[in-house]
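Here are my notes on this model, as numbered points. Have the viewer open while you go through them.

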Amino acid sequence: MSDTQALTNLAFQAVRAAESAAIAASGWIGRGEKELADQAAVDALRTGLNAMPMKGRIVIGEGERDEAPMLFIGEEVGTGEGPEIDIALDPLEGTTLTAKGQANALVLVSFALRGGLLHAPDTYMDKIAVGPGLPDGVVDLDASPADNVRNLAKAKGVETSEITVCILERERHQPIIDGVKAAGGRIRLIPDGDVAGGMGTAGLGAGVDMYIGQGGAPEGVLLASALRCIGGQMQARLVFRNDDERARAARTGVTDLDRKYDVAELAASHCLFVAAGVTDGDLVDGVSFSDGMAHTHTLLLDSADHSIRRIRSARPAA
């Protein structure tokens, strides 16, 4: 059996692990306790991962060992038998969204063959992403937002007024917002969840043409993994605010602090990407309960055949 097939064979167990985490987190929807929601997702996801027949290693997780009691960077998961797998995860993307009962809270997990995912430090990252079927380099992280809007519109053969850009609603992004407006583009502001926002550029969820902004580096690797599966372009560069963050980068093996990464460097090998809904959102529906059953909706992407599967499951509610 090839390594690629061995990874693909883990897909069902991967989905089940993410579903369990989504169900666990859903118990905290609207209760104002984002830390408890996150911990519930972490506990359930860890249990699910440990049941999978693999030699798993967390490369993007809840933090470093001294900061996170479970699913920390470097932690080994799985049964210890099977393929060697690197795992990037966000047990609950949208802890605040969950606590407030808002849309688009997700459990996100990416699996790649060993060495296939960038070991990004837990710092910020500048990102720009567009969907598939466009000329290479149509947008550039170092170009102005206005120029990126104009270049993308030209490549798509549309007016700039038909280009919609997804941006996290943060004060630091005001110059980006102003640049998009100056070019005549449209803006879709999101409160959290830049992985789902970036995936919208590839036709999943809320349709947008481009994602721009600064968010977490771990989320950048997860987005790159999804785009590797479904197509699209992305550029990213790590952002360091202090010496401690530079030291974190050194510990993960990053030596070129100014490097501009693309999808193939962030997610370098065959990968699976799983997104399970906690609350209703653009990508998938959230967890619901009826007739004693917990109902889940999960997105499964596989770079081996560029497949997109939407899985609806029901299991007895605890």
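**Notes on the predicted model**

1. Let's start with the packing. The largest nonpolar core has 47 residues, and M199, M234, L266, F273 and L301 touch the most other members. By nonpolar core I mean a set of buried Ala, Val, Leu, Ile, Met, Phe, Trp, Tyr and Cys residues joined through side-chain atoms within 4.5 Å. Buried is under 20% relative accessible area, exposed is over 50%, and partly exposed is in between (1.4 Å probe, protein chains only). The biggest contributor to this core is helix 8 (residues 217-230), which gives nine residues. At least three residues come from each of domain 1 (3-117 + 270-316) and domain 2 (124-266). Helices (H or I, at least four residues) and strands (E, at least two) are DSSP runs, numbered from the N terminus.

2. Before going further, some housekeeping: this is a predicted model, where local features need pLDDT of at least 70 and side-chain atom pairs count only at pLDDT 80 or more, while totals for chains, interfaces and linings use all residues. Residues are numbered from 1 along each chain as its sequence is written, and side-chain values use heavy atoms, with hydrogens and water left out.

3. F273 deserves a click. Leaving aside neighbours within four places in sequence, F273 is in contact (heavy atoms within 4.5 Å) with L108, V109, S110, V195, M199, L222, S225, A226, C229, L299, L300 and L301. There is also a second, separate core of 39 residues, which includes L10, I58, L89 and L272.

4. On the domains: the assignment gives domain 1 (3-117 + 270-316) and domain 2 (124-266), with bounds from an automatic or database domain assignment. Their C-alpha centres lie 23 Å apart. The contact between them takes 28 residues from domain 1 and 23 residues from domain 2.

5. Now strand 1 (residues 55-60), which runs parallel to strand 3 (residues 84-93) and is joined to it by five bridges. In that pairing, K55 stands opposite E84. Strand 1 also pairs with strand 2 (residues 76-77), this time antiparallel and over two bridges, and there R57 stands opposite E76. Two strands count as paired if DSSP finds at least two bridges between them.

6. G94 is in the loop between strand 3 and helix 4 (95-100) and is buried, at 10% relative accessible area. T95 lies in helix 4 and is partly exposed, at 22%. Not counting residues up to four places away in sequence, T95 touches K34 and D38.

7. Finally, backbone checks. Which phi value does D291 have? Near 55°, positive in a residue other than glycine. D291 is in the loop between strand 12 (288-290) and strand 13 (293-302) and is exposed, at 78% relative accessible area. H306 also has phi near 55°; its place is the loop between strand 13 and strand 14 (307-316), and at 52% relative accessibility H306 counts as exposed.
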